[in-house]
Amino acid sequence: MTDSPAPTPRRPLRAYLLWLVLTTLLPGVVGASLLFVHQYQKARAQIERNTLQTVRALVRSADNQLLQAQSVAQTLSTIDALDAGDFARVHAQAREALSLAPAGGDMIMVLRDRSGQQLVNTAREYGAPLPREYSDQLAQVFASGRPAVSDVFVGAVRQLPAVSVDVPVRVGTEVRYVLSIGIGTDYFSGILSPQSVPEGAVASLFDRQGTIFYRNMNRNETVGHPVNPLLRNAFMRQLEGTIDSRSREGRPLLTTFSRSSLTGWGVAIGIPRASLRAELLDQLALMTGVAAALFVVALCLAWLIGGRLARSVQALSGHAEALGRGELPPPLAEVHVREAAEVAAAIRDAAALLAERSRELAAKESALRETHMLARFGTWERRLDSDTVEVSASVPHIFGRPVPPFPEQRGTLLTEESWQEVQRLSSELVRSGGSGKLQLEALHADGHHIWLDFRAECVRGPDGQAQALRGTMQDITERVRAEEALRQADQRKNEFLAMLAHELRNPLAPIASGAQLLGQEGLDAARTRQISAIIARQARHMAGLVDDLLDVSRVTRGLVTLARERVDINAVVQEAAEQVQALVREKGHALALRPLPQPCWVLGDRKRLVQVVGNLLHNAAKFTARGGSLSVSIALADKDEQVLVEVRDNGIGMLPAEQARAFDMFVQGERTPDRALGGLGIGLALVRSLIELHGGSVTVSSAGQGLGTSFTLRLSRCADTDGGPAPAMDSTSAVRAGAHLKVLVVDDNVDAARMLALAVAAHGHELRVEHGPREALAQAAAFAPDVCLLDIGLPGMDGYELARRLRRERATAGAILVAVTGYGQDQDRRDSAQAGFDHHLVKPVDMASLDRILADAAAAAPAGE
């Protein structure tokens, strides 16, 4: 045992801290200064807001004054003497009306024709010579037929600064004159009155170009002159704001301005900066002097007290370093603070215990940290007295950045809504205890959003007061995204099934009703033809729905093969327009085609390109009200290497959210219960898929609901080389009257076979009907048909094999084989051709196509038959 050093006088740390309290005065002074500056900034911001509200109100007043003048002009434009061209009476009536109108004494009326020649001017007696006063605004009013407000100009008659409100005067359907109400500066005298403008402030009313028309100070010297360039640059960039500027007299101002979105005119109010700064400078000078004195005192005290504290604390540094290295701390050096000596002793006692525990904890923490990282799981604790948040090492890995105190997480680490939810849960836990959990949306450092499973509980001290909140969090972004994808997929599936069911029921209803009516007795021939036409039309509609679904299926699976050739895009647009003519005429639309003056070639599948443009035109016609207008324009872009086809309408338009999803599968705009604008929502998806197969693109734009929509196709242009003439189409000009064929119908669907047989028999042909392929082979050997109508999906032997066997039989080797099937894809047509079929018809059969096939067969039959 070694001798201990002689005891050193030690005083309690509290004695030193009493002196240290004095040094806290300095932060208080600084804080007070900052608070004062903050209050000044708040007061200034309030002045700016109040001034901006005043300026907005003055802008509205100016707009009202201009609209009042416009109303007067529109009223005068209805004088009946204008129709008769009686300008003397127009002059008299206008003077009388202006004398009775509010503020009419500050107005003059001028009537001009297209050349700008003044015909009537109430500022002069009628008959006095009047000047010609032509302007771009005059031409604009004649061209648009809409009222307009001019900028400041010098009047041709009175040679004073003025503003005119111009309205068109229609005689019949023609805009024959423009009637203008000239306004002088006194017209706006009531707007920038002392009651409307803060005391000492400079207020100006200016036009769209920044020319002053009224000013509450030095009006005669400033009217007609431009505003300060700083102000002009500011209001040209934005409609309203606050800037630092100078008045025309050179005074520094804090200027607030606002410009009307209706007329473009604006109002600016400038408050002298000197009045804003005076109060701050006086108080700041006093505060600075006091703060300087306190700072000197605090510095001296801190120097004296800090010296002793530093020596005592420094004596503990050796113990702390030894504890950090896991070693036994050395004996204490000279220490003046008793508490420091006691801490040193406690450090020595804890060193041995910590060395053992640290080894155990290090192993456990390493395993736990790795587990948290892999599971994207972490723990946290938030101190309620300071709002600081302590987290496990895995939590910054979840967010991609350090975790700040809870108040600073608002809008940075957590979204506003999630932060509010955490705040509400925290308040509830502090009030009533227990635990809770939330699903939160957070912001990753990379900019993307993540989702968290957040759990919390309240930690209370011995006195029962809440001290902290702690809990866990886990990144569940992948799970949330998977759940959302499943919800959206389920919703889209349900919406599509509902649309499909509705769209199929629509044609089925008249088909079923027509079938029942045809079963009634006593129907005359005209009634029967009407019902049959309805059934055929609805059947074609159902076939079109199925064809669209099959087209989308083939495109999305990559099964479409394009028959590429050089195609004139003008001809494509013309053919697509012809396909929608019936719908356009039905709805009374005006369809305008604007082709290029010369052929413009692209490399593509003509049929598919016509389908693309036709779908866009059909979509435009469907969503445009009766009597609307449609247009298709063709233009060249990118140095004439790209072809642009724009389909535009003035229909119901699209919201931004609808534009973003316009080309998604089964997506439509908002539907009404009557499904007046119904459909499967696949037309635009098919357009995008087909145009991308051609190496092109399609975009959509709309200004909003009720403002129409524009779709633009972009394709690469081919070289303009001359091509040979199109081959002439061979046609049979006449079919030999009385030619009858032997026709064999084979279909396992009894009703379908009977209906097809009835349609063929109506033309006088001899029929045999079979429902099985082997029975058909036996019948064909004896019957020797000229034409065989064969279903593909037959039991026991498909239609392809049946066709091959018929071709091998002598009686049917030369017969015309027609596939009548529900399979209509390109591959199905190739398969039927390889099996020996001459024609391929898709159910429901287009009777016109079948009639042409039978007519051609009858015309080619030998005369002796």
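This is a predicted model: local features need pLDDT of at least 70, side-chain atom pairs count only at pLDDT 80 or more; totals for chains, interfaces and linings use all residues.
Which residue in β15 is the bridge partner of L443? The partner is H449.

Strand β14 covers residues 435-443. Its neighbour β15 covers residues 449-460. The two strands run antiparallel, and nine bridges join them. L443 and H449 form one of these pairings between β14 and β15.

**The sheet**

β14 and β15 belong to an open sheet of five strands. Read across, the order is β13-β12-β16-β15-β14. The pairing is antiparallel. Strands of a sheet pair through backbone hydrogen bonds. Two strands form the edges here: β13 and β14. Each of these pairs on one side only. From one strand to the next, the twist averages 25°.

**The helix across the sheet**

| Element | Residues |
|---|---|
| Strand β13 | residues 389-391 |
| Strand β14 | residues 435-443 |
| Strand β15 | residues 449-460 |

**The whole protein**

The protein has 865 residues, and 40% of them count as buried. It holds 24 helices and 28 strands. Consider the contacts with a separation of 6 or more: residues 24 or more positions apart account for 60% of them. The accessible surface comes to about 47400 Å². Carbon and sulfur atoms contribute 55% of that surface.

Terms used
Residues are numbered from 1 along each chain as its sequence is written. Side-chain values use heavy atoms; hydrogens and water are left out. Two strands pair if DSSP finds at least two bridges between them. Helices (H or I, at least four residues) and strands (E, at least two) are DSSP runs, numbered from the N terminus. Axes are lines fitted to C-alpha atoms, for helices over the stretch in contact, and angles run from 0 to 180 degrees between N-to-C directions. Buried means under 20% relative accessible area, exposed over 50%, partly exposed in between (1.4 Å probe, protein chains only). Contact means heavy atoms within 4.5 Å. Accessible areas come from the Shrake-Rupley method with a 1.4 Å probe; for residues, only the protein chains shown count as cover.
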